[in-house]
Amino acid sequence: MNGEKDKSISLLQLIVKKDTNHIRAYLQLGNILRDESIDKAIKIHQSLTVRPNLLPQQKVEIHKALAKDYIKIGYIKNAIEQAKKIFSIEKRNLWALRFLIKISEENQDWEEAAIWNKHLQKISGKKVLNDLTRFDIYKGLECMRNGNNEDAKSYFKKA
């Protein structure tokens with residue numbers, strides 16, 4: 001509805017009242033509510049996870065929406081859990097990999113970032129050595145800050 005949130009919410013609510021099996025409408029309603037009423041968004045998205053007979057792509061979209069919901073309220077572990085659930089449905093999901101890399105970087109968890117990045121490169125077939133090198137440099141800097149110069153040197157050499 002081109003930015004008309006209230007109108008969109010009303011129309012989506014009308015759709016789900018008439019057709020309680022309209023998963024896409026519930027997803028969209030939750031996504032719109034994420035900015036205004038995160039509790040309602042989470043409740044909508046969580047309720048979708050227990051629906052029977054969902055298509056794999058619908059399950060992926062639901063867990064993706066929940067991951068975004070949890071990030072919005074700072075529940076990082078829950079967001080990571082939702083992204084990982086996507087892998088049990090779709091092993092080569094690029095969105096989930098990029099999401100996990102981003103979270104790892106934001107939390108300065110360079111080891112996790114490197115692991116997810118390697119997985120992304122394996123799936124996409126694109127070798128981006130700069131990313132892996134960058135994580136080794138970050139790990140080396142972290143070792144230096146902790147006074148562990150030998151490990152730092154090892155990471156720098158690897159980079």
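Begin by selecting Trp-95 and Phe-99, which both lie in helix α6 (residues 94-106), four residues apart, or about one turn of the helix; helices here are DSSP runs of H or I with at least four residues, numbered from the N terminus. The model is a predicted one, in which local features need pLDDT of at least 70, side-chain atom pairs count only at pLDDT 80 or more, and totals for chains, interfaces and linings use all residues. Residues are numbered from 1 along each chain as its sequence is written, and side-chain values use heavy atoms, with hydrogens and water left out.

Rings of Phe, Tyr and Trp (its six-membered ring) pair if their centres lie within 6.5 Å, and planes under 30 degrees apart count as stacked, over 60 as edge-to-face and the rest as tilted. By this rule there are four aromatic pairs. One of them to select is Tyr-70 with Tyr-75, whose centres are 6.3 Å apart and whose planes stand at 0°, so the pair is stacked. Tyr-70 is buried at 7% relative accessible area, whereas Tyr-75, at 46%, is partly exposed (buried means under 20%, exposed over 50%, partly exposed in between, with a 1.4 Å probe and protein chains only).

Return now to Trp-95 and Phe-99, a stacked pair with 4.7 Å from centre to centre and 20° between the planes. Trp-95 is partly exposed at 22%, while Phe-99 is buried at 13%.

Finally, select Met-144, which is found in helix α8 and is partly exposed, with a relative accessible area of 43%.

Conventions
Helices (H or I, at least four residues) and strands (E, at least two) are DSSP runs, numbered from the N terminus.
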